[in-house]
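Me: I would like to learn how to read the features of a protein model one at a time, with the general idea stated before the particular case. Could we work through one together?

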Amino acid sequence: MKLSNTVLVVLVSLLTLCVALAATNPTMTQYGRFLDTQLTKALARMNPEEANSQQKIMRDILTTQGKKGIDSLTRSNTVRRDYGLFSIFTTRVFQVEVAVVGVGAHFIPLDSQEELIKKLGRLML
């Protein structure tokens, strides 16, 4: 059976895409950095004047110790389902669940970006 050049090009392209996705499948460390960035955005959106004293203390702790806190929360409360070409990360902390698809070294929240920031904001309260 002869395969046309077009079919071969399509097959080689698909194989190349699969190899690239597998090579850039995000790790837990990369997911931790993503959450850290999103947490920073959520902190920036919080109005310090409206926060009560406990919220201010929590905000100060997360601002100064954010990386360590995110790492500990990520490692102990995240399930990574690795499908080879992409991963689904699900983090559940204090009755708040965040689900994110990691593909090609990028993260795509299953909720909208605004909803993700709101959820992360709830974690800080």
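This is a predicted model: local features need pLDDT of at least 70, side-chain atom pairs count only at pLDDT 80 or more; totals for chains, interfaces and linings use all residues.

Me: How many helices and strands does the chain hold, and in what pattern do they follow one another along the sequence?

Reply: The chain contains four helices and four strands, and when they are read along the sequence the pattern is α-α-α-β-β-β-β-α. As for burial in the chain, 31% of its 125 residues count as buried.

Me: In what order do the strands lie in the sheet, and which are the edge strands?

Reply: The four strands make an open sheet with the order 1-2-3-4, and the pairing is antiparallel. Strand 1 and strand 4 are the edge strands, since each of them pairs on one side only. On average, and with direction ignored, neighbouring strands of this sheet are turned by 25° against each other.

Me: How many bridges join strand 1 to strand 2, and which residue stands opposite Asp 82?

Reply: Strand 1 (residues 78-82) and strand 2 run antiparallel and are joined by five bridges, with Asp 82 standing opposite Ser 87 in strand 2. These two strands form a hairpin that has three residues between them, and in its turn Gly 84 has a positive phi of about 85°.

Me: How do strand 3 and strand 4 pair, and what is the bridge partner of Val 100?

Reply: Strand 3 and strand 4 pair in the antiparallel sense over four bridges, and the partner of Val 100 is Pro 109 in strand 4. Their hairpin has two residues between the strands, and Gly 104 in the turn has a positive phi of about 55°.

Me: Let us turn to the aromatic rings. By what distance and what angle is a pair of them described?

Reply: In general, one gives the distance of the centres together with the angle of the planes. In this structure the count comes to six aromatic pairs. One of them joins Tyr 31 and Phe 107, whose ring centres are 5.9 Å apart and whose planes stand at 55°, so this pair is tilted. Tyr 31 lies in helix 2 (residues 28-45) and Phe 107 in strand 4 (residues 106-109), so the pair ties together parts that are 76 residues apart in sequence. Both Tyr 31 and Phe 107 are buried.

Me: Is the aromatic pair of Tyr 83 and Phe 86 stacked or tilted?

Reply: That pair is stacked, with 5.1 Å from centre to centre and 25° between the planes, because an angle under 30 degrees counts as stacked. Tyr 83 counts as partly exposed at 46% relative accessibility, and Phe 86 also counts as partly exposed, at 31%.

Me: Which residues do ring pairs link into a cluster?

Reply: The cluster is made of Tyr 31, Phe 34, Phe 89 and Phe 107, linked by ring pairs.

Me: Finally, which residues form the nonpolar patch on the surface, and how much accessible area do they have together?

Reply: The patch is formed by Leu 3, Val 7, Leu 8, Val 10, Leu 11, Leu 14 and Leu 17, which together have about 580 Å² of accessible area. Among them, Val 10 is found in helix 1 (residues 5-23), and with a relative accessible area of 44% Val 10 is partly exposed.

Terms used: Residues are numbered from 1 along each chain as its sequence is written. Side-chain values use heavy atoms; hydrogens and water are left out. Rings of Phe, Tyr and Trp (its six-membered ring) pair if their centres lie within 6.5 Å; planes under 30 degrees apart count as stacked, over 60 as edge-to-face and the rest as tilted. Buried means under 20% relative accessible area, exposed over 50%, partly exposed in between (1.4 Å probe, protein chains only). Two strands pair if DSSP finds at least two bridges between them. Patches are made of residues with over 30% relative accessible area and no salt bridge: like charges are joined within 9 Å, nonpolar side chains (Val, Leu, Ile, Met, Phe, Trp, Tyr) within 5 Å. Accessible areas come from the Shrake-Rupley method with a 1.4 Å probe; for residues, only the protein chains shown count as cover. A salt bridge is a side-chain nitrogen of Lys or Arg within 4 Å of a carboxyl oxygen of Asp or Glu. Axes are lines fitted to C-alpha atoms, for helices over the stretch in contact, and angles run from 0 to 180 degrees between N-to-C directions.
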